[in-house]
Every structure is written in C-alpha cells, then in structure tokens.
Amino acid sequence: MLRITVHDNPESLRFQLEGRLAGAWVREVEECRQRMLAGRRWSAIHFDLAGVTFIDAAGKAYLAAMHRLGAEFVAADCLTKATVAEIARSPIPDCERPKRAGESET
C-alpha cells in the first residue's frame with residue numbers, strides 16, 4: 001500500500017510518499033505525477049520519501065528516472081538515504097549509530 005499526498009505551491013511540487021514504493025504503486029505515482037504536470041510548470045519537483053518503508057527494483061528504477069529529470073529527494077532513514085545516494089551517485093549521508101557515553105571515536 002502507498003499513500004501519495006501532493007503539496008502544490010507556486011514554486012514547487014512535492015509528492016509525499018508513505019508506504020511501499022513497489023509493483024503497481026510505482027505506476028500509480030507516475031500517473032499522479034503526469035496528472036499534476038499536465039499543462040503546468042514548476043521550478044522544482046520533490047519526492048518526500050521519509051515515510052517510505054520499502055523500495056523494490058521498479059521503485060528504484062522510477063526514482064532514478066525522476067532524478068535524471070531533475071527531481072530532488074528527501075529521505076529520513078539509512079536505507080532510503082543509501083538508495084537515494086546510489087541513484088545520485090553521491091556519498092551516503094551519515095547513518096552511523098549514535099556513540100554511547102564513554103565509547104571511543106576510533
């Protein structure tokens with residue numbers, strides 16, 4: 001299951017995704033994006049992936065295609081950040097566990 005919430009404002013269009021970006025839901029996101037873009041232009045398109053719990057191969061391919069078109073991503077957890085970093089071919093953001101009191105940095 002995937003919930004798609006569209007935040008439409010004059011300077012950007014943001015798709016907030018919650019749930020599994022997989023299978024037929026990938027097509028649903030694209031259809032939603034196409035409907036929103038019909039005859040209109042935004043300076044920026046964002047995909048908020050903070051609520052995404054799973055991304056399959058189709059979802060990853062879709063995000064890669066959106067990245068090539070200039071979309072930007074917001075990711076919260078380590079796995080989603082790693083997926084976005086792989087798509088963007090950039091270093092993975094800091095996802096280390098917090099250091100415990102008295103634990104060495106090395």
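Predicted model: local features only at pLDDT ≥ 70, side-chain atom pairs only at ≥ 80, totals over all residues.
**Entry 1: ground rules**

I call a residue buried when its relative accessible area is under 20%, exposed when it is over 50%, and partly exposed in between (1.4 Å probe, protein chains only). With that settled, I looked up Met66, and Met66 is buried, with a relative accessible area of 5%.

Residues are numbered from 1 along each chain as its sequence is written, and side-chain values use heavy atoms, with hydrogens and water left out.

**Entry 2: the parts list**

I listed the helices (DSSP runs of H or I, at least four residues) and strands (runs of E, at least two), both numbered from the N terminus. The protein has three helices and four strands. Starting at the N terminus, I read the order as β-β-α-β-α-β-α. Of the 106 residues in the protein, 32% are buried.

I then checked contacts, meaning heavy atoms within 4.5 Å. Among contacts with a separation of 6 or more, 58% are between residues 24 or more positions apart.

**Entry 3: the sheet**

In what order do the strands of the sheet lie? I found an open sheet of four strands, β1-β2-β3-β4, with mixed pairing. The edge strands are β1 (2–9) and β4 (72–74), and each of them pairs on one side only. I count two strands as paired if DSSP finds at least two bridges between them.

Going through the pairs:

- β1 and β2 are antiparallel, with eight bridges; a hairpin of two residues joins β1 to β2.
- Across that pair, Ile4 has Leu17 in β2 as its bridge partner.
- β2 and β3 run parallel over nine bridges, and Gly19 is partnered with Val52 in β3.
- β3 (residues 44–55) and β4 are parallel too, over three bridges, and His46 stands opposite Glu72 in β4.

**Entry 4: helix α1**

I moved on to α1 (residues 24–37), which lies across β1, β2 (12–21) and β3 and runs at about 165° to β2. For such angles, axes are lines fitted to C-alpha atoms, for helices over the stretch in contact, and the angle between N-to-C directions runs from 0 to 180 degrees.

I checked the length of α1: its 14 residues reach 20 Å from first to last C-alpha, close to the 20 Å expected at 1.5 Å a residue. The expected span is 1.5 Å times one less than the number of residues.

Which residues of α1 are buried? I got Val26, Val29, Glu30, Cys32, Arg33 and Met36. They sit on the same side of α1 because they cover an arc of only 160° around the axis. The arc is taken from the directions from the helix axis to the C-beta atoms. Arg27 and Arg35, on the other side of α1, are exposed. Covering the buried residues of α1 are, among others, β1, β2, β3 and α2. Just after α1 I spotted Gly39, with a positive phi of about 75°.

At the start of α2, a side-chain oxygen of Asp56 comes to within 3.1 Å of the backbone nitrogen of Ala58. At the other end, α2 is followed by Gly70, whose phi is positive, near 100°.

The buried residues of α2 are Gly59, Tyr62, Leu63, Ala64 and Met66. They pack against β2, α1, β3, β4 and α3 (78–88).

Back to Met66, then, which lies in α2. What does Met66 touch, not counting residues up to four places away in sequence? I found Glu30, Arg33, Phe47, Ala71 and Phe73.

**Entry 5: Asp48**

Leaving out residues up to four places away in sequence, Asp48 touches Arg14, Phe15, Gln16, Leu17 and Val74. I also saw its side chain reach the backbone nitrogen of Ala50 at 3.0 Å. That is a polar contact: a pair of N or O atoms within 3.5 Å where, within protein, one must be able to donate a hydrogen and the other to accept it, and residues adjacent in sequence count only if both atoms are side-chain atoms.
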